[in-house]
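Me: I have a structure open here and would like to go through it with you. Can we take it piece by piece?

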Amino acid sequence: MKKLSSILLIFIVLLLPLHAGGNQEKQTGSTPELHANRNLKYVFLFIGDGMALPQINAAEAYLMAKEEKDSPVKLSFSQFPVTGMCTTYSANSYITDSAAAATALASGRKTANGILNMDESKKTTFKTIAEFLHEKGFKIGIISTVSIDHATPAAFYAHQPSRGNYYEISLELAKSGFEFFAGGGLKDPEGKKSKKEGEKNNALEEAKKAGYKILNSIKDIEGLSKNDAEKVIVMNPVLSSSSLAMPYKIDRDKTSLNLADFTKKAIEFLENPKGFFIMVEGGKIDWACHANDAVAAIHDVLDFNSAVEAALDFAKIHPDETLIVVTGDHETGGLTMGFAGTRYSSAFSKLTKQKLSFEEFNKIIDKYKEKENLTVEDLLPVLKENFGLEDLSIREKDLLENAIHASINNATSQDEASYLLYGGYEPITVTITHIINNRAGLGWTSYSHTAVPVPVYAKGPGAEVFTGYYDNTEIPKRLSRLLDTNL
Ligand SMILES: [Zn+2]
């Protein structure tokens, strides 16, 4: 009996650190005790920008409607064995921006909105998990649907007092030594917007000097093999001229690659005996949600989901060595699965007729606006064709009439009433996406980010450490412990 109780005691003592973790965490903010996993060498961190449960659930409800099922069709990652939940607040705001959130996810540190991997005083820089792992011999891949100098991808290699320092960020990219960058382009490689005097070396030229090969045609990208170069910057053949981002998934044609294509290429290019760390961002889920266009956001969630599937295919071949973590950096738009006007009913099939994003529809509206005395009747054919929107109610017609008026008179976001209605977006288009989304039973509360916690999904060796409700800074800290680095 005595022997049994001492064995039990040892057992409890051994288990204690793991379970005490939760409480300790509250008091000290420290990571719960966990141990390195020696097998682990392939790590994926997927970040859906602006993606929390509403965006995920909306995509699942959309698939349910499209495939005529009775229950939500789960995404690849929402079926992962381990789920957790994260708070996302930044050092100076309960609602984070993408720079502070990505800093938390990359370096495990809180900072103020707008800052990348520096403290609030903008004096101390933080080293990121990608940098730690690169030093350890891991190859690094950074992929995004938006420009690769944008806040989320930049947070893995850049340290800047402002996320808007695109030129400085692209110079840091060139110096990072990370092996694989892909997706969007660079916003200011020539330093046009940088006010500093002196040398203005083109960041892409600097990257070439540092050994990067730059690819931007489908043929070159598809043909890329490990032996072609040590380091690459791979840009989608189709990029927006202003944002340097890839098109929304719903607007892409065959001239464009998808997030899964870049993820597969990264795996092929980076696989090596020492391991890799690949960060993949679905960057435009956020942009569509800022504009309150649920269908464009859903298509980008599905594009992101396909990229996770590419990682899952790799994990099937290397199950004991591959960890996949999927999360969001924050929620955007205050999207919810319910709307005052539709009470307890939903009609997700109403979303399936939308053929383009708000951005592409704006181009159509621009042409209509040239017409004198534009009326709701004039718009009916394009509403039916692009959104399947017919039989407008009196309230919907009123909303559209006001939107036409606001659009023609260039209502600005300075005026509070207009801002609440249109958020600074094209009034006609945002009114149409609101009508469609509301008819389906979806509601929006903001054109900005919100503070609702984001889910974390994990699969693979060590995945269990991501269970629980914790802060976003814990994600890289826990990854770091698993990988035996000192973040
Ligand atoms: Zn955003």
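What follows is a chat about the metal site, some strands and a few surface contacts of this predicted model.

Me: Let's start with the metal: which protein atoms are the donors of the zinc ion?

Reply: In this predicted model, the zinc ion has Asp286 (OD), Asp286 (OD), His290 (NE2) and His449 (NE2) as its protein donors, at 2.1 to 2.3 Å. Along the sequence, the spacing of the donor residues reads D-x3-H-x158-H.

Me: And is the arrangement of the four donor atoms tetrahedral or irregular?

Reply: The arrangement is irregular, because the angles subtended at the zinc ion by the four donor atoms run from 57 to 149°, whereas a tetrahedral site would need all angles between 85 and 135 degrees.

Me: Where do aspartate 286 and histidine 290 lie, and are they buried or exposed?

Reply: Both belong to helix H10, residues 284-290, where aspartate 286 and histidine 290 are four residues apart, or about one turn of the helix. Aspartate 286 and histidine 290 are both buried.

Me: Switching to strands, how does S2 pair with S11 and with S12?

Reply: With S11 (residues 454-459), S2 pairs in the antiparallel sense over five bridges, and threonine 83 stands opposite tyrosine 457 there. With S12 (residues 468-471), S2 pairs in the parallel sense over four bridges, and threonine 87 is placed opposite aspartate 471.

Me: What about H17, how many of its residues are buried?

Reply: Seven of the nine residues of helix H17 (residues 474-482) are buried, so that this helix is mostly covered; among them are Ile475, Arg478 and Leu482. Just after H17, aspartate 484 has a positive phi of about 60°.

Me: Which side chain does aspartate 484 meet in a salt bridge?

Reply: Aspartate 484 forms that salt bridge with the side chain of arginine 38, at 3.2 Å from N to O. Since aspartate 484 is in the segment after H17 and arginine 38 is in the loop between helix H1 and strand S1, the pair ties together parts that are 446 residues apart in sequence. Aspartate 484 is partly exposed at 44% relative accessibility, while arginine 38 is exposed, with a relative accessible area of 68%.

Me: Last one, which residues make the nonpolar surface patch?

Reply: Tyr89, Tyr94 and Ile95 make that patch, which covers about 320 Å². Isoleucine 95 sits in the loop between strand S2 and helix H3, and its relative accessible area of 37% makes it partly exposed.

Notes:
Residues numbered from 1 in each chain as written. Predicted model: local features only at pLDDT ≥ 70, side-chain atom pairs only at ≥ 80, totals over all residues. Heavy atoms only, no water. Patch = residues over 30% accessible without salt bridge, like charges linked within 9 Å, V, L, I, M, F, W, Y side chains within 5 Å. Areas by Shrake-Rupley, 256 points an atom, 1.4 Å probe, with all protein chains shown as cover. Salt bridge = Lys/Arg side-chain N within 4 Å of Asp/Glu carboxyl O. Helix = DSSP H or I, 4+ residues; strand = E, 2+ residues; numbered from the N terminus. Buried < 20%, exposed > 50% of the residue type's maximum accessible area, 1.4 Å probe, protein only. Pairing = 2+ DSSP bridges. Donors = N, O, S within 2.8 Å, 3.2 Å for Na, K, Ca; no water. Tetrahedral: all angles 85-135°; square planar, octahedral: opposite > 155°, others 65-115°.
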